[in-house]
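Visitor: Please take me through a single part of this protein at close range. Which residue would you start from, and what lies around it?

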Amino acid sequence: MTGKTLAALLDGTLDAEKFSHRDHVIVAYEALEGADFFTALGLVVGGIARLAASGGAAQKFNATITFAFVSLIAERMATTDHADAEDFMRCNPDLLTGTPLRRHYSSTRLASDLSRQVALLPDLAPMRQEPP
């Protein structure tokens, strides 16, 4: 079953101007809840890239950030107890800040043109970390 935020992203009814970082986390959670990792990743990547383009901001899509966050969310979903998306976010508040990637990626790497097109590996530290 597809969650309502993911469904709205996929059917093009989400407002790009109002799509927050919290919405990104919810979309990834809903996709991962309903599909295997690679299918969910494809849904999230395709949906967010289309949303950015429809809002006239295709250059805002970042393959590295999207891949890293979906991977981190998938790992946390598999290794922590939570009842639903809201409970998951309460248990993982760092995911809502956008800060988990800062210890792994330099700002230069994340802001690069290549980072927008290709899911780059971390340049500062490996991604494995313990949940908060």
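Guide: Thr-64 is buried, at a relative accessible area of 1%. Buried means under 20% relative accessible area, with exposed over 50% and partly exposed in between (1.4 Å probe, protein chains only). This is a predicted model: local features need pLDDT of at least 70, side-chain atom pairs count only at pLDDT 80 or more, and totals for chains, interfaces and linings use all residues. Residues are numbered from 1 along each chain as its sequence is written, and side-chain values use heavy atoms, leaving out hydrogens and water.

Thr-64 sits in helix H4. Helices here are DSSP runs (H or I, at least four residues), numbered from the N terminus. Leaving aside residues up to four places away in sequence, Thr-64 touches Tyr-105, Leu-110, Ser-115, Val-118, Ala-119 and Leu-120. Contact means heavy atoms within 4.5 Å.

Now the core. The largest nonpolar core has 32 residues. Such a core is a set of buried Ala, Val, Leu, Ile, Met, Phe, Trp, Tyr and Cys residues joined through side-chain atoms within 4.5 Å. Leu-32, Val-44, Ile-73 and Phe-88 have the most contacts inside this core. H1, H2, H3, H4 and H5 each supply at least two of its residues. H4 gives the most, with eight.

Take Leu-32. Leu-32 is among the buried residues of H2. Not counting residues up to four places away in sequence, Leu-32 touches Phe-37, Ala-40, Val-70, Ile-73, Ala-74 and Met-77. The cover over the buried residues of H2 includes helix H1 (4-10), helix H3 (37-54), helix H4 (63-79) and helix H5 (85-91).
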